[in-house]
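Dear colleague,

Please read them with the model open beside you.

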Amino acid sequence: MEKKRSRLMQKENLVLVGTVHSDPFGARRLENLLEVLTPDILSVEFSLKSLKIIEKSARADIQELISNMLPGRVPNYVLKFFEDLIQSDFEPFEYIAAKAYADRHKIPLHLFDDPKMAKVTWNTQLQMLKNILLKIPPNFAEPMPSKQDL
């Protein structure tokens with residue numbers, strides 16, 4: 001039985017889907033879109049080698065931020081966010097959603113990415129974060145004095 005095709009996919013089309021990596025609803029949006037498009041094959045800009053590079057580097061880099069740059073500069077809840085990040089999964093939602101769809105519908109999933117670029121991208125993002133943190137005064141997270149203390 002041939003599966004029902006969306007109107008967009010009735011002919012042999014190539015559909016490119018862009019995502020916003022930081023979209024908190026991105027996984028759900030992508031999952032819903034895949035169910036509408038019903039693709040026969042998926043490809044994601046991602047590689048397991050890139051993931052290993054980022055995980056190894058990111059965990060060490062974030063631990064260094066927690067130890068040396070964040071205390072006193074950010075509130076405790078921000079520090080907790082970074083501590084939780086070290087324990088989290090670094091797989092992007094695009095990969096997770098595409099893999100789940102591919103497994104469920106028994107279709108091929110092709111991954112492509114240049115692992116060298118993953119490291120460059122992570123280092124660029126990390127440097128931007130460090131530059132922002134360096135602009136925050138060391139005692140920024142301390143409570144502001146009350147009017148009575150002044």
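A salt bridge, as the term is used here, is a side-chain nitrogen of Lys or Arg within 4 Å of a carboxyl oxygen of Asp or Glu. This is a predicted model, in which local features need pLDDT of at least 70 and side-chain atom pairs count only at pLDDT 80 or more, while totals for chains, interfaces and linings use all residues. Residues are numbered from 1 along each chain as its sequence is written, and side-chain values use heavy atoms, with hydrogens and water left out.

As to the overall fold, the protein has five helices and two strands, arranged along the sequence in the pattern α-β-α-α-α-β-α; helices (H or I, at least four residues) and strands (E, at least two) are DSSP runs, numbered from the N terminus. Of the contacts with a separation of 6 or more, 83% are accounted for by residues 24 or more positions apart, a contact meaning heavy atoms within 4.5 Å. Of the 150 residues, 30% count as buried, where buried means under 20% relative accessible area, exposed over 50%, and partly exposed in between (1.4 Å probe, protein chains only).

The structure holds four salt bridges, among them one between the side chains of E64 and K130, at 3.3 Å from N to O. E64 lies in helix α2 (residues 48-69) and K130 in helix α5 (residues 115-135), so this pair ties together parts that are 66 residues apart in sequence. E64 is partly exposed, with a relative accessible area of 29%, whereas K130, at 19%, counts as buried.

Another salt bridge joins the side chains of D103 and K99 (3.0 Å, N to O), and both residues lie in helix α4 (residues 93-105), four residues apart, which is about one turn of the helix. D103 counts as partly exposed at 48% relative accessibility, and K99 likewise counts as partly exposed at 32%. The side chains of D23 and R29 also meet in a salt bridge, at 2.8 Å from N to O.

Most residues other than glycine have a negative phi. T38, although not a glycine, has a positive phi of about 45 degrees; T38 is found in the loop between α1 (26-37) and β1 (42-45) and counts as buried at 10% relative accessibility. K106, also not a glycine, has a positive phi of about 55 degrees; K106 sits in the loop between α4 and β2 (109-112) and, at 73% relative accessibility, counts as exposed.

With kind regards
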